[in-house]
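Colleague: I have not read this structure before. Could we go through some of its features one by one, with the general idea ahead of each case?

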Amino acid sequence: TWGADHIITDTYPDNFMSEMETTVSKIVNFAQDPDVKAIVVCQAVPGTKAAFDKIKEMGMVPALWLGFMNDPSKVEYIEKYPDMLLVDDRVWCGRYFYDFSNPHYLNDYLPAAISNVHKWGYEAVKFDTIPMSLLHHERFHSNMYDPSLTTKEAYREMIKKVRAELGENMYMLSCCGSFTSSVLWASDFFE
């Protein structure tokens, strides 16, 4: 059964940097509710790892919803490697879309981001923004580092790299926020 009566949402405290115990408490309280079957965190803020360490002890699997394919703000890696940016195009899910074919994205950004997933103690990830990222690669294909690759080839290589970095034991879910077949291009790498 799906619907609003089956989903509980909450937000982090406004001053989450100084209210880590509140973050821990909120997440652990969800885990203690017998009706809660999954806890999805969209951002890891201070206190999240401590909370997930506690819920692991309770038998739950910590998971992170992530979007390694774009960012809403100009992060350090974009400043350091501006060539890894495919396009600056503000849409609902972000603004700065990364080029799947760029070596800096594949060999610097992704490994650094994924090392945080391990460091923070997550055991499962759910990718977001796949359809929008693929659409941007199709629309701005000539901006790619290696435009000789099709969008599908670049995407599959990127997801293969992510799978290798995460390891075979990490549960990895895809995003299918649209009805286009492109979201299935790398389905063999996901659970």
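Modeller: Begin with how elements are named: helices (H or I, at least four residues) and strands (E, at least two) are DSSP runs, numbered from the N terminus. This is a predicted model, in which local features need pLDDT of at least 70 and side-chain atom pairs count only at pLDDT 80 or more, while totals for chains, interfaces and linings use all residues. Residues are numbered from 1 along each chain as its sequence is written, and side-chain values use heavy atoms, with hydrogens and water left out.

Colleague: Where is Thr-129 found?

Modeller: Thr-129 sits in the loop between strand 6 and helix 5. As a general idea, most residues other than glycine have a negative phi. Thr-129 is not a glycine, yet its phi is positive, about 65°.

Colleague: Is Thr-129 buried or exposed?

Modeller: The terms rest on relative accessible area: buried is under 20%, exposed is over 50%, and partly exposed is in between (1.4 Å probe, protein chains only). Thr-129 has a relative accessible area of 5%, so Thr-129 is buried. Arg-90 and Pro-72 are 18 residues apart in sequence, and their C-alpha atoms are 7.9 Å apart in space.

Colleague: How many residues of helix 5 are buried?

Modeller: Helix 5 covers residues 130–139, and seven of its 10 residues are buried, so the helix is mostly covered. They are Ile-130, Pro-131, Met-132, Ser-133, Leu-134, His-136 and His-137. To say what covers them we need contact, which means heavy atoms within 4.5 Å. The cover includes strand 3 (70–71), strand 4 (85–91), strand 5 (94–98), strand 6 (124–127) and helix 6 (151–166).

Colleague: Which residues does Ile-130 touch?

Modeller: Not counting residues up to four places away in sequence, Ile-130 touches Met-69, Tyr-155, Ser-174, Cys-175 and Phe-190. Ile-130 counts as buried because its relative accessibility is 0%. Ile-130 and Phe-68 are 62 residues apart in sequence but 9.5 Å apart in space, C-alpha to C-alpha.

Ser-133 also belongs to helix 5. With 1% relative accessibility, Ser-133 counts as buried. Its contacts, leaving aside neighbours within four places in sequence, are Met-69, Asn-70, Phe-97 and Phe-100. By contrast, Ser-133 and Ser-25 are 108 residues apart in sequence and 35 Å apart in space, C-alpha to C-alpha.

Colleague: Which residues have the most contacts inside the largest nonpolar core?

Modeller: In soluble globular proteins, nonpolar side chains tend to be buried together. A nonpolar core is a set of buried Ala, Val, Leu, Ile, Met, Phe, Trp, Tyr and Cys residues joined through side-chain atoms within 4.5 Å. Here the largest one has 52 residues, and Tyr-105, Phe-127 and Met-158 have the most contacts inside it. Helix 4 (residues 103–119) supplies the largest share of this core, seven residues. Beyond four places in sequence, Tyr-105 touches residues including Phe-68, Met-84, Leu-110 and Met-158.

Colleague: At what angle do the axes of helix 4 and helix 6 cross?

Modeller: Axes are lines fitted to C-alpha atoms, for helices over the stretch in contact, and angles run from 0 to 180 degrees between N-to-C directions. Angles under 35 degrees count as roughly parallel, over 145 as roughly antiparallel, 65 to 115 as roughly perpendicular and the rest as oblique. The axes of helix 4 and helix 6 come within 10 Å and cross at roughly 40°. Helix 4 is therefore oblique to helix 6. Residues in this contact include Tyr-105, Leu-106 and Ile-114 of helix 4, and Met-158 and Val-162 of helix 6.

Colleague: How do helix 1 and helix 2 compare in direction, parallel or antiparallel?

Modeller: The axes of helix 1 (residues 20–32) and helix 2 (residues 48–57) come within 8 Å and cross at roughly 30°. The two helices are therefore roughly parallel to each other. Thr-23, Val-24, Ile-27, Val-28 and Ala-31 in helix 1 meet Thr-48, Ala-50, Ala-51, Phe-52, Lys-54 and Ile-55 in helix 2.
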